[in-house]
Amino acid sequence: MEVSRVIAAVLGLQFGDEGKGKITDFLSGMFQVAVRFNGGGNAGHTVVANGKTYKFHLIPSGSLRCETVVLGNGMVIDPHGLAEEMDKLTTSGCSSHIIISKMAHVVTPMHKILDTKEESVRSKLSIGTTAQGIGPTYEDKYARTGIRMVDLLSRDTLMEKVETIYRMKESLLASTEFSRKENREAMVDELYRVGQRLTPFLEYTELEIFRQYRKGKSILFEGAQGTMLDIDFGMYPFVTSSNALAGALSLGAGFPFRKVDYVIGVAKAYMSKVGSGPFPTELEETQAARLRDLGHEFGTTTGRPRRVGWLDIPMLRYSIMMNDVDALAVTRLDTLGQMDKIRICTAYRKDGKEIDYIPRSFQEFSGVEMDYMDMEPWGKLAQPEGGYTFSALPAALRKYVEKVEELLDIPVDIISLGEGRENTIVRDTSVLNSQAPDTREHDPIP
Ligand code: IMP
């Protein structure tokens, strides 16, 4: 079958954990190249394919089916974690060609310790980070003291950089194992060792992405985290340390955003969040506990219970605008339907007047009220033989989806009703260039 090239991006529109992994894996059948461009091991993407569960933190979720897999320069990478994930992928029978940007930054064990130390200094303003060393690694990147993947090739460069970082952050590191030079040296030895292993995969990945583009290959960019965790446009300071918006792919992978044909925004049918910060539609604990249990809402990376809330339309409207989203994929509708009561937040109000912005500080949030619309629950879904179709879904569920489309003025083209690829309904493939996602002839996963 003739496949015309599609360049698409999949982004999370809420606080992360929207189900991007599932949607990306589902779509990846029609792409040859999967690219990640931001974040690092703080992300946790779960993919259930052919009855097996895969958990990715660094490797793009499209890796199970794409031929070429790219870890872009905008990422921060724990080389030990990456080597482990690469091994798991190989063991699972996947033969994708992985390339890693030489310019991506390296997360060391020292950065992970710094993450925890910085959190303790923040005190009341602590973010609730994933403790994966993300913030400190991006700090070093912008301080121009960072260690890049290409530095793993020289033990001397590694040592020089580790010592510089140590001098800069000595006040935080003095009480840790890294205050001893021999421990820093041992860490460098380990980094150098794993660097040797990763050498064959290091490249100027932006060039390879362009090569693939020129060959007419379809490319899928996968955002990590979500719009409300974006360092600029999220709920600062309760955000991650990178940009999580669609535009970030230009800088985090070196590919012009003008060439992206479609942006698919992923939204959970309700909201969830790990870590601190404002969460306008958060549920009170009794209801939250029920939704959390129904949806197994515990962090993929940290195992922490997630805070949960009703779907927030004003926030989604903002995210859709900021990411220039063409179509939505809505996940977890199977979970939400089992609540006794379902609500959608339709507007934010201050002093009785609707506001058209999302406040970004606790101070600005004070006095803000939410308008809610009640929706009818649709209960537990029975799994029909032969798979789900939209028209056969309970009327209340269809109404919920149509209401979301109406409120946001954007099509919900993909609906997810469970973990596996088979529990997915594609309502309209026009956004995906009329190609059904299962057109790929061979699937490298046995
Ligand atoms: P960091 O990215 O580990 O520094 O964490 C900063 C904030 O972003 C914390 O509230 C984390 O819980 C949150 N966060 C980071 N990555 C993810 C993710 O992939 N899903 C959900 N929350 C995340």
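A131 is found in the loop between α3 (109–122) and α4. In this predicted model, A131 has a positive phi of about 60 degrees, although the residue is not a glycine.

D409 is another residue other than glycine with a positive phi, here near 55 degrees. The loop that holds D409 runs between α14 and β19 (412–416). With a relative accessible area of 72%, D409 is exposed, since the cut-off for that class is over 50%.

A cis peptide bond is found between Y236 and P237, with omega at about 5 degrees. P237 belongs to the loop between β10 (219–222) and α9 (248–253).

R144 sits in the loop between α4 (134–143) and α5 (155–168). Its relative accessibility is 76%, so R144 counts as exposed. R144 and G81 are 63 residues apart along the chain, and their C-alpha atoms are separated by 24 Å.

**Ligand surroundings**

Around the ligand there are 16 residues, of which D17, N42, T130, T240 and V274 come nearest. By class, this shell has 6 nonpolar, 8 polar and 2 charged residues. Three of these residues place an N or O atom at the following distances from an oxygen atom of the ligand.

| Residue | Part of the residue | Distance to a ligand oxygen atom |
|---|---|---|
| N42 | side-chain N or O atom | 2.8 Å |
| T240 | side-chain N or O atom | 2.6 Å |
| V274 | backbone N or O atom | 3.0 Å |

On its own the ligand has 460 Å² of accessible area, and the protein covers 97% of this.

Rolling a probe the size of a water molecule over the atoms shows where empty space is left. How many cavities of 30 Å³ or more does the count give? The count comes to 1 cavity. The largest cavity holds about 50 Å³ of space.

The lining of the largest cavity consists of A267, L311, L316, L328, V330, L333, Y400, V401 and V404. By class these are 9 nonpolar residues, with no polar and no charged ones. At least two lining residues come from each of β15 (327–331) and α14 (395–408). Which element supplies the largest share of the lining? That element is α14, with 3 residues. The loop that holds D409, with its positive phi, lies between this helix, α14, and β19.

Methods
Residues are numbered from 1 along each chain as its sequence is written. This is a predicted model: local features need pLDDT of at least 70, side-chain atom pairs count only at pLDDT 80 or more; totals for chains, interfaces and linings use all residues. Side-chain values use heavy atoms; hydrogens and water are left out. On a 1 Å grid over the protein atoms alone, a cavity is a set of points where a 1.4 Å probe fits but cannot get out, and a pocket is an open set with protein on both sides within 12 Å along at least five of seven lines; lining residues have an atom within 4 Å of a point. Grid points are joined across faces, edges and corners, and a volume is the space filled by probe spheres set on the points. Helices (H or I, at least four residues) and strands (E, at least two) are DSSP runs, numbered from the N terminus. Ala, Val, Leu, Ile, Met, Phe, Trp, Tyr, Cys and Pro count as nonpolar, Asp, Glu, Lys and Arg as charged, and the others, Gly among them, as polar. Buried means under 20% relative accessible area, exposed over 50%, partly exposed in between (1.4 Å probe, protein chains only). A residue is near a molecule or strand if one of its heavy atoms lies within 4 Å of it. A polar contact is a pair of N or O atoms within 3.5 Å; within protein, one must be able to donate a hydrogen and the other to accept it, and residues adjacent in sequence count only if both atoms are side-chain atoms. Accessible areas come from the Shrake-Rupley method with a 1.4 Å probe; for residues, only the protein chains shown count as cover.
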